[in-house]
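Let's take a walk through this model together, one stop at a time. Keep the sequence and the 3D view open as you read.

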Amino acid sequence: MTLASADVIPTHDIYAKARFNMVESQIRTNKVTDSKLLAAMSQTPRQIFVPTALAGVAYVDKSLRIAPNRYLQEPLVIARLLQEAMVEPGDKALVIGAGTGYSAAILADLAGSVAGVESDPGLADTARSNLAALAVSNAVVHTGPLEQGLAASGPYDVILIDGMIADLPKQIADQIADHGRLVTVQAQEGRCGAGMLYRMLGGSVSGRILFDASGPFLPGFEPRSAFAL
């Protein structure tokens, strides 16, 4: 599968209008008011983070398949999660499920530093190439199991799990810094799913539902079988 490249974006950027419409019609009108976040999404060329064949629909508010069993989440879901994370310029951030690097690129405009972890070596390489092409210097993508996070570089002020999860593993929760925030989409009993905000305060993690959301499960975060031995 061939992914679009920042190297082939024409100087006049044929996607600029689509990006403007995404921010103004999909995101700003749906409770996203953070000016720095809106600016980051206005400047980041989402089309380079999807397969070339999908570049024309990169700004539609839907999940887009970037590899087998892997998806780029809807722009509005990413925007609402990151707004709730209240990212500060000095924050250390982690993206679990970095994919092709889109969320890492957005976070790099908001945080002091960004680490990404990606289990698919091909996606990780693409993420590194995309971030380099956009001259993002404060984000690094590591290859490794998603469900383990990246404890060696933690703890983190902000963690984004970029995909739906069944439950928040303790191993990931332990990587949230004191007063840190973790955002993700989580499956809910009796409903399809919800955007979630978790906070670490004094060694204790608490979570609350933010908004209805759904999507494919991130590998390693699927529901455990009720019949597993």
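Leaving aside neighbours within four places in sequence, which residues is Gln 188 in contact with? They are Gly 193, Ala 194, Met 196 and Ile 209, where contact means heavy atoms within 4.5 Å. Before going further, a word on what you're looking at: this is a predicted model, in which local features need pLDDT of at least 70 and side-chain atom pairs count only at pLDDT 80 or more, while totals for chains, interfaces and linings use all residues. Residues are numbered from 1 along each chain as its sequence is written, and side-chain values use heavy atoms, with hydrogens and water left out.

Back to Gln 188, which sits in strand 7 (residues 176-188). A polar atom of the Gln 188 side chain lies 3.3 Å from the backbone oxygen of Gln 186. Ser 214 is 26 residues away from Gln 188 along the chain, and their C-alpha atoms are separated by 9.6 Å.

Two packed helices are described by the angle between their axes and the distance between the axes. On the helix 1 side you'll find Arg 19, Met 22, Val 23 and Ile 27, and they meet Leu 38, Met 41, Ser 42 and Gln 43 of helix 2. By class, the residues of this contact are 5 nonpolar, 2 polar and 1 charged. For that count, Ala, Val, Leu, Ile, Met, Phe, Trp, Tyr, Cys and Pro are nonpolar, Asp, Glu, Lys and Arg are charged, and the others, Gly among them, are polar.

The loop between helix 1 and helix 2 holds Lys 31, which has a positive phi of about 70° although it is not a glycine. Lys 31 also turns up on the list for Arg 80, a residue of helix 3 (residues 75-85): not counting residues up to four places away in sequence, Arg 80 touches Asn 30, Lys 31, Val 32 and Phe 211.

Another backbone detail is the cis peptide bond that joins Gly 154 and Pro 155, with omega at about 0°. Look for Pro 155 in the loop between strand 5 (139-143) and strand 6.

A cavity is a set of points, on a 1 Å grid over the protein atoms alone, where a 1.4 Å probe fits but cannot get out, and lining residues have an atom within 4 Å of a point. Of the 23 residues lining the largest cavity, Tyr 71, Gln 73, Asp 162, Gly 163 and Leu 218 lie nearest its centre. The lining has 10 nonpolar, 11 polar and 2 charged residues.

Definitions and conventions:
On a 1 Å grid over the protein atoms alone, a cavity is a set of points where a 1.4 Å probe fits but cannot get out, and a pocket is an open set with protein on both sides within 12 Å along at least five of seven lines; lining residues have an atom within 4 Å of a point. Helices (H or I, at least four residues) and strands (E, at least two) are DSSP runs, numbered from the N terminus. A polar contact is a pair of N or O atoms within 3.5 Å; within protein, one must be able to donate a hydrogen and the other to accept it, and residues adjacent in sequence count only if both atoms are side-chain atoms.
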